[in-house]
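Visitor: I would like to learn how to read a structure like this one, feature by feature. Please take the general idea and then the case at hand.

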Amino acid sequence: MLCSQDWRQREAALCAFGTVMVGPSRGKLSGLVSQILCVVVKLMSDERFEVRLSAVWVLGRICSELPEAVDGAKGNGAGEVVLGPLVMALNGGPLMAEKACWCIASLCGHHVASGGSGSRWMYSGQNGRQMVGQLLGRVAKRDVTGSLVITLHEALNTLIAGCPVTDAVLIPLLGQQLVPSLCQQLFAVVESMKRGGGGGGSSESAEVLQYRMGGLLSTIQVALHRVREAAECAAEATGSGIKEVLSPKLTDELMECCCTVLDAEHSLVYEEALGVMTYIGHCVGGHFMKYLRAQKVQDLLCSAVRTGAGNEDICRVGVGSVGDVYSACNEVICSDPLPLQQYTDRMVQELLLLLIDGAISLSLKQHIIGALTDMMLAHGPRASRYSGDVLSRCLEIGVLRPPQSADEELWDDFNSIRREICDVVRSCMLDLKGAANGGAADDQSRQRMAQQITAQINKFVEAVAADLQHADNAVINKCILLLSDAALFCQKNRRLKELLKTQGAQRILERAGKQRDDQLLAEAATECFRNLNE
């Protein structure tokens with residue numbers, strides 16, 4: 001029927017084959033696909049649009065369900081058998097192009113999932129470069145819909161993400177041509193949006209322009225990430241410094257675009273603009289301090305964080321961006337934290353308010369704790385000004401317990417956040433101890449602080465002990481390390497150390513002692529017992 005003179009029978013046969021792709025074993029499918037693949041590819045050039053569309057759909061099913069079968073295409077190899085017809089389909093109408101994107105994304109995903117052994121032909125010679133050019137050319141056409149823009153950029157992102165960091169053709173293209181080109185396209189779209197429409201005589205709707213903007217922002221992130229990875233690998237291999245990924249001029253323009261998008265609060269692309277800001281920080285490192293000190297950038301990051309329970313998705317990306325840019329500027333801030341002190345005070349308070357907000361999910365609170373940790377690490381010795389508040393708020397969250405009806409997923413969230421809390425509290429205690437030893441605080445003030453911290457840690461330890469049947473070894477280990485550090489923190493006050501020897505602490509240490517197959521946990525328990533009794 002696939003070779004029937006009647007186009008309806010050809011289309012029906014294709015639909016039937018595509019439908020049965022789900023169900024049979026991979027072994028049976030592999031033999032069947034190897035026989036029929038060339039016929040399917042040939043029908044992608046059929047005289048009837050309906051047959052061509054169904055053929056591309058079938059190829060998409062094959063690429064999705066059995067991509068390795070495409071690698072074994074007979075004849076001149078998968079590259080020559082499939083690539084040409086795919087490019088033709090990509091440049092067809094929107095429906096055809098969307099299905100071609102599905103094929104491309106599946107094949108590139110197979111390359112990544114197989115550790116680089118599958119679909120190598122996608123990156124062989126000039127194939128990767130050609131496909132990038134074809135995808136960019138297609139997304140620039142006027143017939144694109146919002147859906148097609150998204151699909152094209154998803155295929156492009158998967159192609160770029162799967163590119164080997166040693167690819168001597170595609171990696172230089174990404175860094176030297178693609179990123180600057182994408183940025184220029186983004187500038188043009190942003191200017192069009194600022195004018196309130198397509199601009200320049202364009203008939204595109206504002207919605208399609210936003211999809212274009214979102215697609216460009218997402219692809220810029222993926223490209224920057226891959227180019228940065230390649231630069232790091234090259235530097236490690238040669239022992240040289242990491243080459244510049246973004247020029248100062250391009251960075252300025254890209255940051256200006258991100259600020260424009262964030263300021264306009266375009267809902268479709270808000271998170272993508274925050275993501276680009278994060279990747280800029282990764283690429284330029286300490287040079288991002290120039291932007292972090294700018295009032296506009298500070299206000300926009302605060303605004304993203306402040307969305308809180310109103311929009312946790314945006315808040316999560318905003319919180320992640322804050323932590324990432326502080327990490328990028330770690331050395332610069334640590335060497336001179338005063339220029340950023342006022343803003344950090346403001347941001348820490350925003351994050352702490354979110355942390356104790358009962359409407360905020362545990363997963364977001366975990367991100368908040370991570371961002372607070374990054375900020376404190378960046379401020380080095382001066383982080384002690386935040387340590388008391390951060391420690392107190394984190395332990396307030398740590399003593400919360402899930403309902404009796406909690407499922408496994410919720411318990412995983414509780415275990416994860418308790419691990420994070422142990423780490424940040426230990427860091428805070430170290431900062432506070434250093435500040436107390438080097439400061440002008442009297443013994444009475446230091447003892448009062450130690451008493452407060454001991455009381456809060458005891459409540460946390462009791463909460464962990466009460467949930468011991470649901471706690472994993474990682475949580476138990478972190479809790480024991482926290483107890484051990486608390487004992488050292490109270491080293492000069494034996495009465496406070498005695499207070500740490502609660503029934504909950506005893507239960508946790510006993511549980512650790514029984515884990516004979518976990519040597520690190522047993523060693524941590526032994527060390528903690530010694531610190532509590534010295």
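Visitor: How far apart are the mean positions of the positive and negative charges of the protein chain?

Guide: In this predicted model, the mean positions of the 51 positive and 60 negative charges are 1 Å apart.

Visitor: And what about individual charges?

Guide: Side chains of opposite charge can pair when their charged atoms come close. A search of the whole structure finds 21 salt bridges.

Visitor: Which residue forms a salt bridge with Lys 290?

Guide: Asp 252 does, and the closest N and O atoms of the two are 2.8 Å apart. This pair links distant parts of the chain, with Lys 290 in helix H13 and Asp 252 in helix H11, 38 residues apart.

Visitor: Is Lys 290 buried or exposed?

Guide: Lys 290 counts as exposed because its relative accessibility is 52%, and the cut-off for exposed is over 50%. Asp 252, at 31%, counts as partly exposed.

Visitor: Where does the salt bridge of Asp 467 and Arg 418 lie in the chain?

Guide: The closest N and O atoms of Asp 467 and Arg 418 are 3.0 Å apart. This pair also links distant parts of the chain: Asp 467 is in the loop between helix H21 and helix H22, Arg 418 is in helix H20, and 49 residues separate them.

Visitor: Is Asp 467 buried or exposed?

Guide: Asp 467 is buried, with a relative accessible area of 2%.

Visitor: How many residues apart are Glu 527 and Arg 530?

Guide: They are 3 residues apart in helix H25, about one turn of the helix. Glu 527 and Arg 530 form a salt bridge whose closest N and O atoms are 2.4 Å apart. Glu 527 counts as partly exposed at 36% relative accessibility, and Arg 530 counts as partly exposed at 39%.

Visitor: Which residues are linked with Glu 312 in a network of salt bridges?

Guide: Asp 313 and Arg 316 are linked with Glu 312 in that network. Glu 312 is also one of the buried residues of H15.

Visitor: Let us turn to helices, then. How many helices and strands are there in the protein chain?

Guide: The protein chain has 25 helices and 0 strands. One way to read a helix is to set its end-to-end reach beside the expected span. H15 has 17 residues and reaches 24 Å from its first C-alpha to its last, close to the 24 Å expected at 1.5 Å a residue. Helix H14, residues 295-306, has 12 residues and reaches 16 Å, close to the 16 Å expected.

Visitor: Which residues of H14 are buried?

Guide: Val 297, Gln 298, Leu 300, Leu 301, Cys 302, Ala 304 and Val 305 are the buried residues of H14. They pack against helices H11, H12, H13, H15 and H17. Just after H14, Gly 308 takes a positive phi of about 45°.

Visitor: What do the buried residues of H15 pack against?

Guide: They pack against H12, H13, H14, H16, H17 and H18. The buried residues of H15 include Ile 314, Cys 315, Val 319, Val 322 and Tyr 326. Gly 318 and Gly 323 are also among them.

Visitor: Which residues does Ser 106 touch, not counting residues up to four places away in sequence?

Guide: Ser 106 touches Cys 63 and Ser 64. Ser 106 lies in helix H6 and is buried, with a relative accessible area of 16%.

Visitor: Where does Gly 239 lie?

Guide: Gly 239 lies in the loop between helix H10 and H11. At 67% relative accessibility, Gly 239 counts as exposed. Gly 239 and Glu 396 are 157 residues apart in sequence and 47 Å apart in space, C-alpha to C-alpha.

Visitor: How do I read the chain as a whole?

Guide: Take extent, burial, contacts and surface in turn. The C-alpha trace spans about 95 × 55 × 50 Å along its principal axes. Of the 534 residues, 50% count as buried. Among contacts between residues at least 6 apart in sequence, 74% join residues at least 24 apart. The chain exposes about 24,000 Å², and carbon and sulfur atoms supply 51% of it.

Terms used: Residues are numbered from 1 along each chain as its sequence is written. This is a predicted model: local features need pLDDT of at least 70, side-chain atom pairs count only at pLDDT 80 or more; totals for chains, interfaces and linings use all residues. Side-chain values use heavy atoms; hydrogens and water are left out. Helices (H or I, at least four residues) and strands (E, at least two) are DSSP runs, numbered from the N terminus. The expected span of a helix is 1.5 Å times one less than its number of residues. Buried means under 20% relative accessible area, exposed over 50%, partly exposed in between (1.4 Å probe, protein chains only). Contact means heavy atoms within 4.5 Å. Accessible areas come from the Shrake-Rupley method with a 1.4 Å probe; for residues, only the protein chains shown count as cover. Lys and Arg count as positive and Asp and Glu as negative; His and the chain ends are not counted. The place of a charge is taken as NZ of Lys, CZ of Arg, CG of Asp or CD of Glu. A salt bridge is a side-chain nitrogen of Lys or Arg within 4 Å of a carboxyl oxygen of Asp or Glu.
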